[in-house]
Amino acid sequence: MLVLLDLIWIVVAFEIALAIEANGAQTLAAFVGMSWYLAVLLPAAILAIKLFGLEQIKLHAFSLGDAVDTASLAVFLGGLGFLCNYLPVARSMAPLSTFFVFALLFLVLSVGARIALRNIVMEIFRRGQNRKRVMIYGAGQTGQQLAAALVTDDEFEAVCFVDDKVALQKLTISSMRVHAPREIADIVAKEQIDRIVLAMPSASLAVRTRIAHGLRNVGCEVLALPSFAEIVLRGEEAHKIAPVETSKLLGRSALEGELPAASETYLDRSILVTGAGGSIGSELCRQILTCKPKRLVLLDHSELALYNVERELQETQTDCDVVVALGSINEPELLDQVLQQHDIDIVFHAAAYKHLPMVEDNCLEGLRNNVIGTRAVAEAARRHDVERFILVSSDKAVRPTSVMGSSKRMAELVVQDLATRSEGTRFSMVRFGNVMGSSGSVIPLFEDQIRHGGPLTVTHPNVTRFFMTVSEAVRLVLLAGSFSRGGDVFVLDMGEPVSILDVARKMIEGSGYSVRDDKNPAGDIAITFTGLRPGEKMHEELLIGSDMLTTPHPKILRAQEKRLSEIEIAGALQDLRRAIQTRDESLALATLHTCVEEFTPKDDRDTAS
């Protein structure tokens, strides 16, 4: 088609050139007399078009190089026509000006036809595509580069610019109108914008975050784009949040590879996991499935959490029978039904309220769930002759200063008491520090704060915590179940505690930003100190005493700790139940103070402060 069009343009351009030369008085007979030139030009044009590669439309771009090739073809044809005057067969001669006009007309017609055909073909192609419409916030260099790049993109289409500079507003740049920010909501609705791209890399993170926050309700996705120089030189990405290496946050190498599997203990067994919808419970379920149990029962009071973990486990296509049980651990009838109906062999008790400030403000419900609930599950396990019962505990149970920590220590004491009186079920506990990435932990909080431009909130510059990965925590729980002899408290050698301030700095820097402080006032994200929350400790511990026993694995230790008598546990549980029934917080706190080492009730702490 292009070759045919070019041949037509040659004839048309030659005729117009002759007409111009004759001041519009060109007759048909005179044109026929000059047509012998075309007998030379048309075959030569076919060969030249092939030579210059002009027989195809450049769909992705009609560049300056393509125009130069077409101009070269026009010059070639004009020059060839003039040289024809000197052929022996020449019957008439046309002046040089005729061929100059001919070449110029042919260039205009050929280039114009190619651009028009390309636009027609691209429009037909794009009508069959569902291209996402993009608004570019920032009409500077980066925004214009982005607009130029999207001209030939098959997936996205730039619609307009938005810019804060009044001087640019209402101008047309790169064939697109520049609008004021106040018009964004109307334009998004009118133009059906799918995405807004902040093309203003020179602006500070705080400014970009403020703009993105102001656009959160416009009904489309908002992304920030670095400069093209940053993309090329440093590999920056839109909204880049680079994951920080686990070893940098742990302060040690992760132990997943050093902890052996415990598959044989759980092979072909029927296993119950309470709190199966939580961070630890769901990972427990995933790793238990790899041990090929006969049945896995998931118990949780959250319908959504239970639905999500069940759907994920069902997609693994395992032979294990996965069963869900919706309800609370404080319902003895439900526990009896689940344990009896599914002939449970092993119980992992991970259900607990663990958010420290929330339990501090709702201490009675925290105690009902963490202490009374643990007693209910453990008692049910003993009644139904479950082979193993493993309690998931916390380092906050060691010399606690919070209700949550005290409730976890009381749960340990309850399980230890049952272990001394159990003839069949082997009870054990696993105690570990903060699990990276678990719900309510500091890592997801910092990630969210970084996404919003900060600041990162740290309670105190000197606060430290033990950290472990969720995989480490769960592997430890599974190993504890296989090592258990009854009444054991297992702890993991987690190395040295990690400074939370250092974690915050590493996460900011690992995300590609800089810390804004007195030394670097131009930094991206600040760190602020909020003060220790009620019940929060400066430093956590893993052991109450110094007596430790070894286990089959050098990284896992067995703690030797003080226990309460059966009478003391019975009296404490009776007092806690009465406090919960009568909504008597002071009685509950006094009971904890009596039973749990070094726990200071909230009222005493307030008085001391």
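User: In this predicted model, how many bridges join strand β12 to β17?

Analyst: Strand β12 covers residues 426-432 and runs parallel to β17. Within this pairing, Val430 is placed opposite Phe490 of β17. The number of bridges that join β12 to β17 is four.

User: Which residue in β22 does Phe490 stand opposite?

Analyst: Strand β22 comprises residues 556-559 and runs antiparallel to β17, with four bridges joining the two. In β22, the residue opposite Phe490 is Arg558.

User: Are the residues on the two faces of β17 buried or exposed?

Analyst: In a regular strand, side chains alternate between the two faces of the sheet. One side of β17 carries Asp488, Phe490 and Leu492, and the other carries Val489 and Val491. Five of the five residues in this strand, 488-492, fall in one class, and that class is buried.

User: Why is one side of β14 and of β19 left without a neighbour in the sheet?

Analyst: The open sheet has three strands in the order β14-β20-β19, with parallel pairing. β14 (456-458) and β19 (515-516) stand at its edges, so each has a single partner strand.

User: What angle does the direction of helix α20 make with that of β20?

Analyst: β20 (residues 525-529) pairs with β14 over three bridges, and Val458 is opposite Phe529 in β20. Helix α20, residues 500-510, packs on this sheet and touches β14, β19 and β20. Its direction and that of β20 make an angle of about 165°.

User: Is Ile16 buried or partly exposed?

Analyst: Ile16 belongs to helix α1 (residues 2-21). Buried requires under 20% relative accessible area. Ile16 has 34% relative accessibility, so its class is partly exposed.

Definitions and conventions:
Residues are numbered from 1 along each chain as its sequence is written. This is a predicted model: local features need pLDDT of at least 70, side-chain atom pairs count only at pLDDT 80 or more; totals for chains, interfaces and linings use all residues. Side-chain values use heavy atoms; hydrogens and water are left out. Two strands pair if DSSP finds at least two bridges between them. Contact means heavy atoms within 4.5 Å. Axes are lines fitted to C-alpha atoms, for helices over the stretch in contact, and angles run from 0 to 180 degrees between N-to-C directions. Buried means under 20% relative accessible area, exposed over 50%, partly exposed in between (1.4 Å probe, protein chains only).
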